[in-house]
Structures are given as C-alpha cells and as structure tokens.
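Please look over the sequence and structure before reading on.

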Amino acid sequence: MNANKAIILCLIIICTFFSGCTEDGNTTNENKLNIISYDAFGITQEMLDQFTNETGISVSITRAGNSGGVVSTAIQTKDTGLFDLSIGIDNSYLGTALSAEIFQPLETDRSIFSSRALTSYDGNLAIPFDLASVCINYDSTHVDGENITIPNSLWDFTDPSWEGKLAVQNPRTSSTGRSFFIATVDYFANDEDSQTNHEDWWKSMRSNNLIITDGWTTAYETHYSGGYGQWNDGFIGDAYAVVSYCHSPGVEAYFGGNWTTSVALDVEGASFPQIEYVSFLVGSDKSISANVFVDWLVSSEINSQMSTLNWMYPAIEGGDITEEAGYRWHSLVPVDCEIGISEINENISTWLDEWDTAMA
Amino acid sequence: MKIRYIIIIIWAILVLAPLFLAWSHLHSISERSIFQVISDFNQRFQTKDSISYTFLVASLSTILTLIIGIPLAWNLGRYNWRYHNILRGIFTVPFVMPSILVAMGFLALLDWIDILIEHNHSSNIRFYSLLFAHAWFNLALVIRFCEPLLSTIDSSYEEACRLLPRGKTPKSRMINFWFPLMWPNIAASAALVFVFSFTSFALVKFITPSQRNLEVVMSNQAEWAGLDIPSLGRSPSEIVLASSTIQLITIVTALLLSSWLQSRSSGHHLSTMRDQRKPMSFFSKRGFYLIIMLFFIISPMIALITSSFTIRENNMMVFSLQGWEAAFGGSHSPTNVYQSLFSSIGYAFMTMLLSLPIGYFLSDTIFNLEKTNSKLAMLLDVLVMVPLALSAVMVGLGVLLGLIRTNPDLARSWWIPLYGHLMLTTPFVVRVLLPAMRNLNPQLEEAASLLGAGYIKRLISIRIKLLSPSLIVASSLVFAISIGEFGASWVVLRFTEFTTLPVMIGDLLSRPGYDPILRSAANAAGTILLLITLILFISVERFRPVGSGGDF
C-alpha cells in the first residue's frame, strides 16, 4: 500500500467515526435518559431498544462498579445533570445516599410492591426493583455432616475444622461483604450471648484464617469450591463456604442442569435482606422520562423476569424466581436480620474502622 | 511564542492539572497528615503490608525481567535469525497487551501447569507467576533498550578485546567489555521495568488476589475517596492521598534515574549504525534457547485463544463457538465486536494524529535542550514520562473534579477519552523519536540552512524524511497501545457511549460468571485484540531503523 492510499484509508475511517458521533448528537436531550448502574445490571440492550421503540425515550447506561460505586458517582456528580437515574443503590448504602440528598421524588405507585421490598424504606425517593438475601453458601461435597458439620450458628465457623475454609468479602470494597458485615453486627447484638459482639466473632475468625477478598468475584469464583468457579482459569477452591446470595445455589442449578453441590446456610438472623433501588437524581430535569422508565422497570412484564435477567427476586407483589431447572428449589428464603437504614448510616463508619483495625 | 513551548505548557497542564486538583481536594478532606497515615498503614487491614509488597514485587520482577531479558536481547542483537522481524515483533508485543488479558492468559496457564504438577495454586506459586507475568509483560523494555545498541557494535572491538589479558574468556569479555558498554541501557530499562511493576494493577489483582500493592489499595478506596460525608469516614481519602504520594515520589525518582542513564547511553561512540549481526540457525544451542523463549512468550497467548473455544456445559468443559458467536453477535454485551473494534480503531487513529505531532515537538525540545541545558532537558523528559507513573484513581478523580467545576456536559463528549489515550501514548512517541533525533547528522540541516532552506522546508525534506522509519514505528506503537488501552479509557470513557474493545472485554468480565458464555465471549474478544496487535507489530518491524540508539 503506498502512502497516498494509506492516508485516504485513514481519512475514510476518521470521517466514518465522526459521522457516527454526529448521528448520535441528533437525539434530543429531553428524550434521552442517562443512567448510572452497577456492572452486573442485567437488563439487555434488546429490552432497552424495545423500551425506546415504545416510548421514544433512549437510554444510555454507564457502569460504575458495584452498588457503592453507584452511590459515590451519584454523590460526586450531584447537581451536574450528568445522570438522570441511579440503578442499584441498595439498602446498606441507602442511608448514605439519603443523607447526601441526591434523590428527587418519583411518582411510582408503591402499592404494587411486596411488603418485603418495602421493609427498609417505603418513601418515594428510592423505588425497589429487586431484592435478595445475602448469606453464607457451603459446598455440600465437603460440608457433609461427617467430615465437617453443617454450622448451626456463626460461632461454629470459629471451630478449627473451619480454619481457612470460609471466604468473605471486604466490607469496605464489596456490597455483599458490607451486607454480610451488617448482618453480623445485628446477629451478635441479638443472640443469646450478651458477653460477646460482632467484633469478637470477627477477631476469632481472623485467628481461624478467614479468607477475605476485595470483591464477590474473587471469593466466589476463585476460592469457593462449590460454585461455577471450578471451571474457570485460576481456580483455587480452598474455601468450603462463601458469602454470596441465598439463591446463588439456585442460579448454579439453573445453569448446571438442576445440579449443584452448593447450599445456602439457614441460620436465623445471619443473613441480610438486600433491596436494590432505582432513584431519580437531583440535577436532572427529565422527570417525565424518568418516571416512565421506572414504571417500565417495575412493570409486571419486566420485573417478573428479574430472576433470570438480574439474578435477583422481583420486588413486585406476587413476583418470585423461576422454578425452571431447580432454580427455586435450590434457593433459600431465610429469616433475615432486622436493622434499619438509619442505624446503619449512623454507625457504619465506626464499625468499619473497628473492623479494619481488628482484622489487620 | 514558538509552537514547541505552547505544546510544552499544554502538556504540563494536561499532566499536572488533574493531579493538582485531586491532591488538593483529598488534602482538604483528610484530617491526618500523610506521615500519620503512612505510619498507620500496617495497623489497618485495607493497607497492611501493601508498601512492602509493592516494593518487593517491583524489585523481584525487575531482577527476573533482566535475567530473562538480557540474554534474549543479546541473542536478538548479536545474531541474525530467519524471520528475525517476526521474532522481534512477537517478543515485544506483550508490552502493549491489555494487562487484564495477560492476567487471564497466565491464569489459564496456571491451570495447564496444574495438570502437569499438582500445586493446588499455592500462594507461593501464584507469587512466582506474578513475577513471571511482569517479566513477560516488560521483556520488550529490555529488548528495546539493549538490542539496537548490541546489533550495531562492531565485532572488531570484541576481536581486539580477545587479544587483551582481561578479555580472553567470554566471561571476562562480558565483565570488562560488554557490561561497561551496556550498563546505562540495562539500568535505564530496569528503571522502567521497576516503574511498570510498581504500578501494576490487573496482574496483581487477578494473579495474587490475597495480596495488595499500592495500586490495588488505591483502586479499592477509589470510590469513596474525595467524598466528604461523615458516614463514609475520611480514611479512603487519606489512604489514596498517602499511597499516591509514595507512588509518585518513587516513580519520579526512577524516571529521573532512567532519563539520566539514557542521556549517558547516547554518548558512547562504538556504535557503527550498521547491522553487525551474525547469521545464526535455529538448529543450534542458541536456536534452542530462542525457541524456549518463544514458547514462554506465546504460551499465555495460546492459553487465551484456546479458552475462547471452550465453554462449561453440563459441568464439563467442551469445545464450542458460542463465545465467538456472542462476541460478534453482541448478545451478552451492550455492543458487539464489530462496533467496539470500530470505536477502538477510531480512537486509535485520532490518538495517533494528536500524539505524533505533540510527541515530535516534545522530543525536539528535549533534544535541543540537551545541548544547552541538560538539567532542564532531563526534567522535561521526566515530565513527559510522568503520566505513566500516575495512578488511574488520581487521574480519574482529577478529571472528574475538573469537568464538574468547568463544564459537566464535557464529560460526555466523545473526545474526552482521547485525553487518557494521549497521556499514555505520547511518552512512547518521545521514547522512539528522541534517540532517533540524537542519531541524526546535524551537518545535514546546517548545510540546508546555509543553502537557504527555511524551518518548514528542513522539517519536511530532511527531518521527517530521515525520521520516517521511527515515525512509522512510533505510529504503530501508539496505535497498538491505544487500541488495547483499558484503564485510562475506563477512568474517562465511562460517561461516553463509545465502548472500545478492551472496555467491552472488561464489561463481560465484570459480571457474575454464572452464564458460561460470558467468559468465552471475553476471551474471544481478547483473541481479536491480540491478533490485531500482533499483526500490527510484526508488520511494522521491518521499518524499525537499525540501531536506533538504544531506546524504546
């Protein structure tokens, strides 16, 4: 190829690229929603395209890591109008978001939601769209009642037989880790033993070589012996139990042809009811479009598919996870801890600082 | 004001402004001094052992890279092999591979090793794997810094050395002739290997997930850093401020050292500027060694490619094209490979158009300053390289603060990601062009000037013509780095709608992998990226000027 041809080719590519930018610029601002969500938000592009065709509102989704990333980005960009909606802020972060005053009210009819979805918050600043419980899962291949006994309380994990066998996520960097950490605070505050609290348990677990990872993926995929991670590159599989969702075994079964060795641990009060919200952000003036989108997200047609779209329970009344391929059969609906978002918001910084020092 | 000074000022603002904004904002939030925070590092889980781990990994990775890289550079520099350019392309391409793909390749490799020797992925094996991954990644630096000089040293010097008492054995010649000749190049490459190992993120995060270096620590704290909200506490801001300060001081010191050593390297006069390599066959001890090294380089690549053709089905891994279908069809991601590749190529071309002239003027200024004010030249050289030392967390925070304070709508502009690409590629343009400029014969331009040729005429007829091989090499390097760039893109690209190929891969990998297609689709997209980069690198190797002075 001579130099002239190369230059012409470069110009064609650049012009085509620029023309793409121009086309995009034709969409009017009023009919375009900019949404900030977590990485794992599972609504497909086809569904969003269908929404655009039906309403004339186009949607652009920006991914910001996990639930914490959504909160922090929403706070950092408050009042700028960069984002119209946030998707995925959960009730462990909701207090922080509410105190930062980053939400505007929505007009969604709240009577359509299940009582479980409105447990933590039933106002109009944050609308629930899905939920699940965060709890410990164990691998029944190893935790079979003979070699290792199935735990009846969280204290059982401090037994030497569990040394280095439980993987949890860092509560400062992972939303599931944070949810489980909050559950332990409430669990040990309300158990029969008034002499000990969550700090004592975490210190005991530290002595028992607890595996702490920065995110859910490393804990579940790399360390947990009972999950799909065993088929992935770099699998270690040294943990027989992991903090995940109580319906994670159900998702495993769904993709594993109704087969999994993973089981959700049923210990009363040792799980956290995680409820995820969609919110209209301060600084946006697209109230009509925002309400239309939220109504679509919590509509029966879309919300009832949450168990296979977003791998969570639907938030609407009567919504449930699918029974297909043992999904529901392998999932557990536990008795969750009961802790309010205001209590979390007031104490979480102190709890986390104490945890940080205790685990060093 | 001359255009070159305007470019220097713009560059300084682009590099330093986000850093200053982020630093001053974090400082205003922090309650404790940096020294107090650092002294508290080992008392907290989030930061425990991170400083020592960072230095340990960077130091050992540097040593291992030199152990592997110097013999390789020697064999490529002193001997001419069949398919030499292809070999050189393959050996240097790892440097521009997205680190997330390298991590995936090495993790796949670990599984192969696991079949051969039962090691159960112990933490020791993981640690050694990390060191080898860093060596694999940075090998190109040692080759690029040493091989050009080695290839142009006249063999008669070594022959003469043989006659002297201290040059009779290969070992004594190595100590008394080659090492004194080569050490500035070796040390300069070592300084840069140290820099890249020190700031490594994806490799540390994926290969040794139970350990944290400073970059991982900062990434973990990133989302809460800079937020002044009581329920979040101030420690994230304090940790990021302290970590980035340690990182910046360490890296700038290493870059200063590297720059000083490179300027020393350009002063020796034994280079003939002609190819002095001897022909060598693969059917020899050296050939066998080269084949082993080739195997070392391509193993993670092959592991990555084969992973794209396998998928989990009924609890076993089977051959499948579903990952490729998902990657090209876009069924599991917001865009498909075609659209992402198109965006990547568009950004890479535009980066090239901006980076080459900026890099040229920066190189030209450094080159001219070296003759009049060597200290200032060294400082400017370091300023050019500083973007490679900055944490993506600090840059991202600085850019965000800057945009929010000026015009938030700009954050969504399609051209904003070019900033990240420009920052990462321009230093390499300078690293390619500067040594080529040092090797130009100044008399040619002086003669042209005496004959009445103006600056533009001299630039086009002499400079650009003589530098054209280096410009082609720089262009390919910019293109390859830009097309595979993930970190900086993510920092500043996330508000725009243009999903590049590395961002698409990151998106696929960031979701829970219950769905078996996700990982295969990411590997398929990664394979496309790998092959494009490899073809690009190999095809431009023939333009690389012989003995371009011992630099990148």
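A residue is buried if 20 or more other C-beta atoms lie within 10 Å of its own, with C-beta atoms placed from the backbone. By that test, A:Ser67, A:Gly68, A:Gly69, A:Val70, A:Val71, A:Ser72, A:Thr73, A:Ala74 and A:Ile75 are the buried residues of H3(A). The model is predicted.

**Domains of chain A**

- Chain A is assigned domain 1, made of 32-132 + 274-314, and domain 2, made of 133-272 + 324-359.
- The C-alpha centres of domain 1 and domain 2 of chain A are 27 Å apart.
- To the contact between them, domain 1 of chain A gives 16 residues and domain 2 of chain A gives 17 residues.
- On the side of domain 1 of chain A that touches domain 2 of chain A, helix H3 (67-76) and helix H4 (91-99) of chain A are the elements that give two or more residues.
- H4(A) gives the most to that side of domain 1 of chain A, with 6 residues.
- By residue type, that side of domain 1 of chain A has 4 nonpolar, 11 polar and 1 charged.

**Helix H3 of chain A**

- H3(A) is mostly covered, with 9 of its 10 residues buried.
- The cover over the buried residues of H3(A) includes strand E1 (32-37), strand E3 (85-90) and H4 of chain A.
- Helix H5 (175-189) and strand E10 (272-281) of chain A are also among the elements that cover the buried residues of H3(A).

**Nonpolar core**

- The largest nonpolar core has 261 residues.
- The residues with the most contacts inside this core are A:Leu85 from chain A, and B:Ala103, B:Val142, B:Cys146, B:Val195, B:Leu433 and B:Ala525 from chain B.
- Helix H6 (residues 123-150) of chain B supplies the largest share of this core, 15 residues.
- Apart from neighbours within four places in sequence, B:Ala525 is in contact with B:Ala327, B:Val337, B:Leu501, B:Met504 and B:Ile505.

**Chain B overall**

- Chain B contains 22 helices and 4 strands.
- The radius of gyration of chain B is 24 Å, close to the 24 Å that the globule rule gives for 552 residues, so chain B is as compact as a globular protein of that length.
- The C-alpha trace of chain B spans about 70 × 60 × 50 Å along its principal axes.
- In chain B, 53% of the 552 residues count as buried.
- Of the contacts in chain B between residues at least 6 apart in sequence, 83% join residues at least 24 apart.

How values were computed. Residues are numbered from 1 along each chain as its sequence is written. Chains are lettered from A and ligands numbered from 1 in the order in which they are written. This is a predicted model: local features need pLDDT of at least 70, side-chain atom pairs count only at pLDDT 80 or more; totals for chains, interfaces and linings use all residues. Domain bounds come from an automatic or database domain assignment. Two residues are in contact if their C-beta atoms, placed from the backbone, lie within 7 Å. Ala, Val, Leu, Ile, Met, Phe, Trp, Tyr, Cys and Pro count as nonpolar, Asp, Glu, Lys and Arg as charged, and the others, Gly among them, as polar. A residue is buried if 20 or more other C-beta atoms lie within 10 Å of its own, exposed if 12 or fewer, and partly exposed in between; C-beta atoms are placed from the backbone. A nonpolar core is a set of buried Ala, Val, Leu, Ile, Met, Phe, Trp, Tyr and Cys residues joined through C-beta atoms within 7 Å. The radius of gyration is taken over C-alpha atoms; the globule rule is 2.2 Å times the number of residues to the power 0.38.
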